[in-house]
Amino acid sequence: MFWPVTFLGALAGWLLASIPGALLGGLLGQVLDRRLGLDSWASLRERMRSGAPLQGEVLLFVLLGRLAKSGGRISEAHIRVARAEMQRLGLDQAGQREAIDAFYRGKSGDDSLRQPLGRLRNREQAAAVLQACWRMARAEGRVNAREHELIMLWGKWLGWSGEEVAAQDRDAGRRQGAPTSRGGAYEEAMQLLGVRADTEPHGIKRAYRRLLSQHHPDKLAGSGASPAQVRDATERTRELHNAYALIRERRGFR
């Protein structure tokens, strides 16, 4: 565990008043770290970007937005599930606006979710979050491999076992919806990018950018490719983007 404001406070104090200043700055910084729930540089960046840590309904709808977008597009079915969750929570107009903003914030994929989920230690609240995520994953009737992988990963960050996470899918016995991936979405994503589990983040980024450049539909259209080839390239680009997003989330790099 690393206390970022403690470190910055101690450094600033040392520069201003040597050892006594470092002690005082570190002490004040630790108070802020504990009060704001900061335990890494990532949590500090999240706090600075959002102005407040992800929690409560905001965290929930960020997760739902991420799930809805994981297949490449948000459908009317996803919107209906999001609205049903607002009704389930009894949100007023202000709460609904905040939930909608969080949902569209989630689809951008810019937020790191590991720290906020790691801080959610109330089992009842965590179960409610996982159940809502499963409902969103089944919005179109079937849980795809990417959605399944995300929910299992988020459950792991919550400190839950795979069996406990799967048990929160209350509709699993009533619908057909097992993920179709035989080897797992994460393994398929690595194969698509041509990387291994031990490939460093910079190597993964380089492979992703190289493949994206090769298959970018605008590049092919400019070189005289047929409409069918451009459509295939667009689909390939979407698959590359989803694969990279999954690997990045699993490995925890930006």
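This is a predicted model: local features need pLDDT of at least 70, side-chain atom pairs count only at pLDDT 80 or more; totals for chains, interfaces and linings use all residues.

Student: How do you know that the span of α8 agrees with its number of residues?

Tutor: Helix α8 covers residues 145–158, and at 1.5 Å a residue its 14 residues should span 20 Å; the C-alpha atoms at its ends are 20 Å apart, so the two values agree.

Student: What makes α8 largely enclosed by the rest of the structure?

Tutor: A residue is called buried when its relative accessible area is under 20%. Eleven of the 14 residues of α8 are buried, and therefore the helix is largely enclosed; among them are A145, L150, W154 and W157. For the protein as a whole, 43% of the 254 residues count as buried.

Student: Why is the approach of N144 to R146 called a polar contact?

Tutor: The cut-off for such a pair of N or O atoms is 3.5 Å. At the start of α8, a side-chain oxygen of N144 lies within 3.1 Å of the backbone nitrogen of R146, so the pair falls within the 3.5 Å cut-off.

Student: Which residues touch the most other members of the largest nonpolar core?

Tutor: M136 and W154 do, in a core of 40 residues, to which α3, α4, α5, α7 and α8 each supply at least two residues. A second, separate core has 18 residues, including A145 and Y186.

Student: What does W154 touch beyond four places away in sequence?

Tutor: W154 touches L63, R66, L67, L113, L117, C133 and E249.

Conventions
Residues are numbered from 1 along each chain as its sequence is written. Side-chain values use heavy atoms; hydrogens and water are left out. Helices (H or I, at least four residues) and strands (E, at least two) are DSSP runs, numbered from the N terminus. The expected span of a helix is 1.5 Å times one less than its number of residues. Buried means under 20% relative accessible area, exposed over 50%, partly exposed in between (1.4 Å probe, protein chains only). A polar contact is a pair of N or O atoms within 3.5 Å; within protein, one must be able to donate a hydrogen and the other to accept it, and residues adjacent in sequence count only if both atoms are side-chain atoms. A nonpolar core is a set of buried Ala, Val, Leu, Ile, Met, Phe, Trp, Tyr and Cys residues joined through side-chain atoms within 4.5 Å. Contact means heavy atoms within 4.5 Å.
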